[in-house]
Amino acid sequence: MASFLLLQSSPALLATWHGLSARVLTNGPSAFEATHGKDLWSYVATNPALSKLFNESMACDARRVVPEIINGCPGLLDGLDSLVDVGGGNGTTMRLLVKACDWIRGINFDLPHVVSDAPACVRVEHVGGDMFDSVPNADAAFLMVIISLCIYLFRGRLATGYGGG
Ligand SMILES: C[S@@+](CC[C@H](N)C(=O)[O-])C[C@H]1O[C@@H](n2cnc3c(N)ncnc32)[C@H](O)[C@@H]1O
């Protein structure tokens, strides 16, 4: 969990705590955006070291959670030939899933700067893109720690007329 602790104590993330009360009391941008003038994803896209630390800290969590899913839900992926992990970071989750279910072809989908740094893995294809434009086709989609992000972004983008309203 070292990466997770290093991320949380990084200057960029620590600074956002100073804006927490303003964030809670108003309906404005996120504490991160209010502090840095851009959202987290745009910020890390131009900060490779922080991006790597963020992706590795998510991978720490995946290494703990995904085995629980695999062991706790036997048969969950039965019958699937392909699976796309939307917002899959550096591909750790998909690597663990295809290792446990060796009949599956995995697609790890995330922003281009994230997948460009993802380690290669047999039966996992890394695809870069924006999930609000399109998502690669597969028999099923897997989303982990991302539903809240979708709700948050969709609300923000709908409120600003994203995608033609
Ligand atoms: C909170 S992390 C979760 C990572 C991974 N699912 C996990 O649980 O370990 C959210 C992920 O969504 C990705 N992401 C953010 N906006 C995205 C977008 N518009 N399209 C695709 N991926 C996006 C981020 O780069 C990040 O890897």
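This is a predicted model: local features need pLDDT of at least 70, side-chain atom pairs count only at pLDDT 80 or more; totals for chains, interfaces and linings use all residues.

Modeller: Over residues 1-22 the chain is 73% helix and 0% strand, with helices being DSSP runs of H or I of at least four residues, strands runs of E of at least two, both numbered from the N terminus. The end C-alpha atoms of that stretch are 30 Å apart.

Biologist: What does UniProt place at residues 1-22?

Modeller: The unreviewed UniProt entry puts the feature "signal peptide" there. UniProt positions follow the numbering used here, feature names are shortened, and annotations may be inferred rather than shown by experiment.

Biologist: How many helices and strands does the protein chain have?

Modeller: Nine helices and four strands. From the N terminus on, the order is α-α-α-α-α-α-β-α-β-α-β-β-α.

Biologist: Which strands does strand 1 pair with?

Modeller: Strand 1 (residues 82-86) pairs in the parallel sense with strand 2 (residues 105-110) over five bridges, pairing being at least two DSSP bridges between two strands. Valine 84 has isoleucine 107 in strand 2 as its bridge partner. Strand 1 also runs parallel to strand 4 (residues 140-143), with four bridges between them, and there aspartate 85 is partnered by phenylalanine 142.

Biologist: And what do strand 1, helix 7 and strand 2 make?

Modeller: A right-handed β-α-β unit, with helix 7 covering residues 92-100. Right-handed means that, with the strands pointing away from the viewer, the path from the first strand over the helix to the second runs clockwise.

Biologist: Switching to the ligand: how many residues surround it?

Modeller: 18, the closest being Met58, Gly87, Met131, Met144 and Val145; the cut-off is a C-beta atom, placed from the backbone, within 6 Å of the molecule. Helix 6 (residues 48-72) gives the largest share of that shell, three residues.

Biologist: Glycine 128 next. Buried or partly exposed, and why?

Modeller: Glycine 128 is partly exposed, because 14 other C-beta atoms lie within 10 Å; 20 or more would be buried, 12 or fewer exposed, with C-beta atoms placed from the backbone.

Biologist: Where does glycine 128 lie, and what is it in contact with?

Modeller: Glycine 128 lies in strand 3 (residues 124-128). Beyond its neighbours within four places in sequence, its contacts (C-beta atoms, placed from the backbone, within 7 Å) are Asp110, Leu111, Pro112, Val115 and Ser116.

Notes: Residues are numbered from 1 along each chain as its sequence is written. Two residues are in contact if their C-beta atoms, placed from the backbone, lie within 7 Å.
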